Amino acid sequence: MCRALKELKKEAEERGIEQGTKRMNKLIQRLLAEGKQEELLRSATDMLFQQKLFQEYHI
């Protein structure tokens, strides 16, 4: 049972990473399409700003 739980946890973590990557890629694409390179650079170091952008773009 413990082994099965570990495998489930690993799969869940991998899905979470994949979803997070897709989310960030969407934000990158939107910002680049709108010519907002400065915002993109800031979002790479300012997590609060990044979260604000996710909300603003409904991502």
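Analyst: Glu18 counts as partly exposed because its relative accessible area is 45%, where buried means under 20%, exposed means over 50%, and partly exposed lies in between, all with a 1.4 Å probe and protein chains only. This is a predicted model in which local features need pLDDT of at least 70 and side-chain atom pairs count only at pLDDT 80 or more, while totals for chains, interfaces and linings use all residues. Residues are numbered from 1 along each chain as its sequence is written, and side-chain values use heavy atoms, with hydrogens and water left out.

Glu18 takes part in a salt bridge with Lys22, whose closest N and O atoms are 3.2 Å apart; the term stands for a side-chain nitrogen of Lys or Arg within 4 Å of a carboxyl oxygen of Asp or Glu. In general, side chains of opposite charge can pair when their charged atoms come close. Lys22 and Glu18 are four residues apart in helix H1, so about one helical turn separates them; helices here are DSSP runs of H or I with at least four residues, strands are runs of E with at least two, and both are numbered from the N terminus. Lys22 is likewise partly exposed, at 49% relative accessibility.

Across the whole structure, the search finds four salt bridges. Another of them joins Glu34 and Lys36, with 3.2 Å between the closest N and O atoms; Glu34 is partly exposed at 42%, and Lys36 is partly exposed at 25%. Arg42 and Asp46 also meet through their side chains in a salt bridge, at 3.4 Å from N to O. Arg42 has a relative accessible area of 44% and is therefore partly exposed, as is Asp46 with its 23%.

Leu31 lies in helix H1, which covers residues 2-33, and counts as buried because its relative accessibility is 0%. Although Leu31 and Tyr57 are 26 residues apart in sequence, their C-alpha atoms are 9.6 Å apart in space.

Gln50, placed in helix H3 (residues 47-56), is also buried, with a relative accessible area of 9%. Apart from residues up to four places away in sequence, Gln50 touches Met24, Leu27 and Ser43.

Key: Contact means heavy atoms within 4.5 Å.
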